[in-house]
Amino acid sequence: AMQVFCNGGIYALLATTHDPHAGIWMSISICTATCDTWASELGMYFRWPTVSIVNWRRAEPGLSGGISLPGTLGGLAGSFLMGVFMHGLLSAELLLDGVFAATITVVGVALAAMLFSVFAFGGMLLDSLLGATLQVKYNDGHGLSDAGTRQVAGSRWMTNDVVNLVSNAITVAVAVWVLG
């Protein structure tokens, strides 16, 4: 439940607002969560060399703060696909609400998805930076990990879920500030 809240909480909060641009902010939020999730999962799946986003030294695949080429490209792909989907939903909503006659063109969809992906990519990088610098790390004798009993770095309350929530909130706040 905590993971779902931390990945979708900003999206859900935005859904309760009366902001006319909430759909855009919600799209950026869900694209950010998608980008980070796809990056993590594909990075671990392909098990290519992973490096720390802070010092570029080798890191264990799956350790927060580590990045890899397949993970990064996979995150971008995921955020772009989610951006296409979200733009389709936004366009359909505008047509149904009669706000204006939105035209869904290939170029329009691609541009919207790229805009969402730019913010999502920044959010993914922020997530990795927060994961590498502030997230709790443990070492129970088998190297650094995000779970364990012997804390060696970070703040105990700064779990991966909290990192996801914070990076998503900051990403959406930056989008509101830049595009607002």
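Student: Which residues does V163 touch, not counting residues up to four places away in sequence?

Tutor: The model is predicted: local features need pLDDT of at least 70, side-chain atom pairs count only at pLDDT 80 or more, and totals for chains, interfaces and linings use all residues. Residues are numbered from 1 along each chain as its sequence is written, and side-chain values use heavy atoms, leaving out hydrogens and water. Contact means heavy atoms within 4.5 Å. On that basis, V163 touches D127, L130, G131, Q135 and M158.

Student: Is V163 buried or exposed?

Tutor: Buried means under 20% relative accessible area, exposed over 50%, and partly exposed in between (1.4 Å probe, protein chains only). V163 has a relative accessible area of 0%, so V163 is buried.

Student: Which helix holds V163?

Tutor: Helices (H or I, at least four residues) and strands (E, at least two) are DSSP runs, numbered from the N terminus. The protein has 5 helices and 6 strands. Their order from the N terminus is α-α-β-β-β-α-α-β-β-β-α. V163 lies within residues 160–179, which form helix 5.

Student: How far apart in space are V163 and S64, C-alpha to C-alpha?

Tutor: In sequence, 99 residues separate V163 and S64. In space, their C-alpha distance is 9.6 Å.

Student: What share of the contacts with a separation of 6 or more comes from residues 24 or more positions apart?

Tutor: V163 touches D127, among others. Across the protein, take contacts with a separation of 6 or more; residues 24 or more positions apart account for 61%.
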